[in-house]
Amino acid sequence: MRLAFVLKGGLHPSGRIEVVPVYLGLLAALAERHAVHAFVLRHLPAPTSYRLRGIEVHDLGRPSAPVGLTPVAVWRALGRAIARHGPFDVVHAFWADPQGLHAALAARAARAPSVVTCDSGEFVSVPAAGYGVQRTLRGRAALRFVARAATRLHVCTAQAARQARALGLDPVVLPLGIEAATFGPRRQRSDGPPWRLLQVAGLNGVKHQALLLDAVALLARTHDVHLDLAGEDTLGGALQARASALGLQSRVTFHGFVPQDALVPLYHRAHLYVQSSYHEGAGVSVLEAAAAGVPVTGTRVGYLADWAPDAAEAVDPPTAEGMAAAIARLLASPARRAAMAEAARAFVARHDVRWSAAELERLYRALAPEVHSPAPDAV
């Protein structure tokens, strides 16, 4: 098949920085059997094409002139690029706005079916974090348009499907797996103290690391714990200041951005992975933790909502007191931690990147029964 993917970024030519590993791994797996072209909106400074792990990447560029950044200009550039490199059997976009908007329109112009993956904030409103498509009239209108224009909507979790159905939408549910071997083999961890807690996520409002810092401050009264936070800081040092005000200078390490290969040692030494997000459409770092054998607790969103209570422990309602209590319970119960970790690891093993690629291929063939031959270099 000839497959076109539309993304906002995540496929940097280095393959190491500015990448979204779950998308890169998935497209690379599909590229082993199909001709895969990725059209990236407004990422690199200038338009360029390059090959990355078998994927033909076409970055549309991020021109400095204001007219070059208008939605109409992006839509036209995408349409021209898809026409130039097509025809394609399916056009698949990640995130509804703006990628899904542009992709669905471009697919219609090319007379191809389209799939839009909604694994961001498409179905929620989180005023406390200024986040969520449902928070604004424009966002709600954009999602309605995408739902009408796209052939199928896709979500990764049962929780996201429930949120979509509450809005009258009917998505297909299909987890997007990871390259699980990257985080193994699992090794036997010795129990603490000290106990190592881990979160891998950008430091931002929706990930709500402030809640986790407050929980650690409570927990530190009775437990020898250390929190590792790995992720780019977009809050200008506000969380570091909060940690200092809570007296956690020696109990929290802010690692900043960490490439995926360098994350593995952090996962391997962690006793618990703790999620504090207001919202997750899925939660790739939860999959990574599970692949590394790390039990997971935290807010009831994304994969964690689907897995609780057998493969994860959800904190609901999400308070610092509740999170501290959940962490303390798990640290005191090695049997519970081991059972959760094994159940989560089994899920990740069953739904790895190759499983996801095969399931998506099945979906694509159902949408496009008459397929074009793959390009010769993709056979």
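## Two crossing helices

How close do the axes of helix H3 and helix H4 come, and at what angle do they cross? In this predicted model, the axes come within 9 Å and cross at roughly 30°. H3 spans residues 96-109, and H4 spans residues 137-149. The crossing is left-handed. Two packed helices are described by the angle between their axes and the distance between the axes.

Which residues meet where H3 and H4 touch? H3 brings Ala96, Asp97, Gly100, Leu101, Ala104, Leu105 and Arg108. H4 brings Arg138, Ala142, Leu143, Phe145, Val146, Arg148 and Ala149. By class, this contact has 9 nonpolar, 1 polar and 4 charged residues.

## The nonpolar cores

The largest nonpolar core has 65 residues. Leu11, Leu27 and Trp307 touch the most other members. Helix H1, residues 21-31, gives the largest share of this core, with 9 residues. A second core stands separate and has 34 residues. Among them are Val6, Val91, Ala142 and Val155. Ala142 is also one of the H4 residues that meet H3. In soluble globular proteins, nonpolar side chains tend to be buried together.

Leaving aside neighbours within four places in sequence, Leu27 is in contact with Phe5, Leu7, Leu11, Val36, Ala38, Ile55 and Phe94.

## Helix H1

H1 is largely enclosed by the rest of the structure, because 10 of its 11 residues are buried. The buried residues are Val22, Tyr23, Leu24, Gly25, Leu26, Leu27, Ala28, Ala29, Leu30 and Ala31.

One of these, Tyr23, also belongs to an aromatic cluster with Phe5, Phe94 and Tyr364. The model has 9 aromatic pairs. A pair of aromatic rings is described by the distance of the centres and the angle of the planes.

## Leu3 in strand E1

Leu3 sits in strand E1, residues 2-7. Is Leu3 buried or exposed? Leu3 counts as buried because its relative accessibility is 1%. Beyond its neighbours within four places in sequence, Leu3 is in contact with Leu30, His34, Ala35, Val36, His37, Phe88, Val90 and Tyr364. Leu30 is one of the buried residues of H1. Tyr364 is part of the aromatic cluster.

Leu3 and Ala38 are 35 residues apart in sequence. Their C-alpha atoms are 8.4 Å apart in space.

## Helix H5 and its partners

Helix H5 covers residues 158-166. Its buried residues are Gln159, Ala160, Ala161 and Ala164. What do they pack against? Their partners are strand E7 (152-155), strand E8 (172-173) and helix H10 (303-307). Just after H5, Gly168 takes a positive phi of about 85°.

## Leu239 in helix H7

Leu239 lies in helix H7, residues 238-245. Leu239 is buried, with a relative accessible area of 5%. Leaving aside neighbours within four places in sequence, Leu239 is in contact with Leu203, Gln209, Ala210, Leu213 and Phe254. Leu239 and Ala210 are 29 residues apart along the chain, yet their C-alpha atoms are separated by 6.6 Å.

## Backbone features in loops

Where are the cis peptide bonds described here? One runs from Ala308 to Pro309, with omega near 5°. Pro309 is in the loop between H10 and strand E14 (313-315). Another joins Asp316 and Pro317, with omega about 5°. Pro317 lies in the loop between E14 and helix H11 (320-331).

Arg111 has a phi of about 60°. Arg111 is in the loop between H3 and strand E6 (114-117). Arg111 counts as exposed because its relative accessibility is 80%. His208 has a positive phi of about 55° and is not a glycine either. His208 is in the loop between strand E9 (195-200) and helix H6 (209-219).

Glu359 is found in helix H13, residues 353-367. Why does Glu359 count as partly exposed? Its relative accessibility is 26%, and the partly exposed class lies between under 20% for buried and over 50% for exposed. Glu359 and His208 are 151 residues apart along the chain. Their C-alpha atoms are separated by 33 Å.

Conventions. Residues numbered from 1 in each chain as written. Predicted model: local features only at pLDDT ≥ 70, side-chain atom pairs only at ≥ 80, totals over all residues. Heavy atoms only, no water. Core = buried A, V, L, I, M, F, W, Y, C linked by side-chain atoms within 4.5 Å. Buried < 20%, exposed > 50% of the residue type's maximum accessible area, 1.4 Å probe, protein only. Helix = DSSP H or I, 4+ residues; strand = E, 2+ residues; numbered from the N terminus. Contact = heavy atoms within 4.5 Å. Phe/Tyr/Trp six-rings, centres within 6.5 Å; stacked < 30°, edge-to-face > 60°. Axes fitted to C-alpha atoms, helices over the stretch in contact; angles between N-to-C directions. Left-handed = near helix turned anticlockwise from the far one by under 90°. Nonpolar A, V, L, I, M, F, W, Y, C, P; charged D, E, K, R; others polar.
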